[in-house]
Amino acid sequence: MSPVIRIHAQDNVVIARSQLVGGTVLAQEGVTVSGLVPPGHKVATCAIAKGQPVRRYDQIIGMATRDIAAGEHVHTHNLAFSDFAREHAPGAAAQPTAYVAQSATFQGIVRADGRVGTRNYIGVLTSVNCSATAARAIADYFRRDIRPEALADFPNVDGVVALTHGMGCATASDGEELQVLRRTLGGYAKHPNFAAVLVVGLGCETNQITGLIAQEGLQENVKLATFNIQDTGGTRKTVEKGVALIKAMLPEANRVKREPVPVSHLTVGLQCGGSDGYSGISANPALGAAVDLLVRHGGTAVLSETPEIYGGEHLLTRRAVSVAVADKLRARIAWWEAYTRRNNMQMDNNPSAGNKAGGLTTILEKSLGAIAKSGTTNLVDVYEYAQPITAKGFVYMDTPGYDPVSATGQVAGGANLICFTTGRGSAYGCAPSPSLKLATNTALWQRQEDDMDINCGGVVDGSETVQQAGERIFYMMIAAASGQHTKSEQHGYGQNEFVPWQLGAVM
């Protein structure tokens, strides 16, 4: 087996399968390695002159900042981001989707209104940071690890979770930030993975619960209760009231039964974090292959993290089903360019230190690998942060690249499962939706198996194809959606990772 991976015939770099030392002969490339090249990093296969493009995935990932010799390590010392013209060609690569004749099924939880959940939680949401402590105390009363008797008679309830945040006040009462926060909270309040929800406020905050209910069209009933600390008479009485309300909700929540439903009821959020040089070779394209299967079975996949598709967005516009959909995506890119300018930042302020240590050099390289998660089917719609996802197929949601904020938006939009690829070793969960973690390389799998659900390292070492790994991921999606606990659920992840997007100034 070759010690390097060639992704495309037109590339002028290859990727080290393992650490390479100077003098290693790359016979298939006809070059000899000069110096040390870490695993997942790039090696030049020919001389690249200063100012000339470096290509990976048959796409430009940056320009050489000095002359690069064949066999030389290519990274931050000789490669940098440089913008260039891209051909967006809306719809040029769109093709009819080949749907399967008989959709796969999973064991879902069908709600009274026809929506389908993959989990059965009771949620405690907060309107403002000031009510977070009380909300957590309410949920802690029902923790199975410290008070197993509280839910002993309710085995069909996955748990009671408090999803708190640091927002809700010191912001404009009619601004975009409050609207987005309410949209996020409303998406969670209506999420099919919740059997019932409490919303706890303080009472004097900007994000009044009445405003939340009005904006999001919520209705208080036996499955949605709201109250404020100030009206209830303080923290102790608030906790007692919350506990009593949840106790009243538990019998009905426990009556659910799982039943076979088509995969068209699955909405999967696609995430990557702690990416490395293997992400775009193994886990991301394997997840993309699983997404193609999901879409062909009638399901929905949601790509996000706009700063981490930057520079590769033309690959998505070419798959758009219409010029209007392509224009929606380009408009979100333009919004981000303006947003970063007014905050004295740059869109190429990426990859992170961990990404670079893993072999990723520029945002272009990172974006191209991240887009591989989306597979090959058509882009059918584009949504703003936390907007309800109504289309079937592959869609895009505009979110930041920060994983907890991004996934929070996806779940608010209706994602009832998350698939999260990582090469460096991310630890993450996303209540109330289960999160599957996909390792890009076997070394990570062996080191952090407690957190990883799937090893895609076989794609790197040649023991498995991308399509084979994608099929494994697809069936693990079905198993997780049917109730099989993910590693992050086993560890209790999910409550602290609820992080709505804080858009504007805090006053």
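Leaving aside neighbours within four places in sequence, Thr-267 is in contact (heavy atoms within 4.5 Å) with Thr-300, Val-302, Ile-389, Gly-414, Ala-415, Asn-416 and Leu-417. The model is a predicted one, in which local features need pLDDT of at least 70 and side-chain atom pairs count only at pLDDT 80 or more, whereas totals for chains, interfaces and linings use all residues. Residues are numbered from 1 along each chain as its sequence is written, and side-chain values use heavy atoms, with hydrogens and water left out.

Thr-267 belongs to strand S17 (residues 267–272). Helices (H or I, at least four residues) and strands (E, at least two) are DSSP runs, numbered from the N terminus. Thr-267 counts as buried because its relative accessibility is 12%; buried means under 20% relative accessible area, exposed over 50%, and partly exposed in between, with a 1.4 Å probe and protein chains only. Between Thr-267 and Ile-109 there are 158 residues of separation in sequence and 14 Å in space, taken from C-alpha to C-alpha.

Attention now turns to strand S20. Strand S20 (residues 393–397) is mostly covered, with 5 of its 5 residues buried. Strand S18 (residues 300–303) runs parallel to S20 and is joined to it by 4 bridges; two strands pair if DSSP finds at least two bridges between them. Within this pairing, Leu-303 has Tyr-396 of S20 as its bridge partner. Strand S19 (residues 379–383) is likewise parallel to S20, with 4 bridges joining the two, and here Val-382 stands opposite Tyr-396.

A further group of strands forms an open sheet. Four strands, in the order S13-S12-S14-S15, make up this sheet with parallel pairing. Its edges are strand S13 (159–163) and strand S15 (224–228), each of which pairs on one side only. On average, neighbouring strands of the sheet are turned by 15° against each other, direction ignored. Strand S14 (residues 194–201) is joined to S15 by 5 bridges, the two running parallel, and Val-199 stands opposite Thr-226 in S15.

Helix H5 connects this sheet with a helix pair. H5 lies across strand S12 (121–126), S13, S14 and S15, running at about 170° to S14. Axes are lines fitted to C-alpha atoms, for helices over the stretch in contact, and angles run from 0 to 180 degrees between N-to-C directions. Helix H1 (residues 132–140) packs with helix H5 (residues 235–254) at an angle of about 40°, and their axes are 9 Å apart. H1 is therefore oblique to H5: angles under 35 degrees count as roughly parallel, over 145 as roughly antiparallel, 65 to 115 as roughly perpendicular and the rest as oblique. H1 contributes Ala-134, Ala-137 and Ile-138 to the contact, and H5 contributes Thr-235, Thr-238, Val-239, Gly-242, Val-243 and Ile-246.

The remaining sheet is antiparallel. This open sheet of 3 strands has the order S6-S7-S9, and its edge strands, S6 (53–56) and S9 (79–80), each pair on one side only. Strand S7 (residues 59–64) runs antiparallel to S9, and 2 bridges join them; Met-63 stands opposite Ala-80 in S9. Helix H10 (residues 363–371) lies across S6 and S7, running at about 165° to S7.
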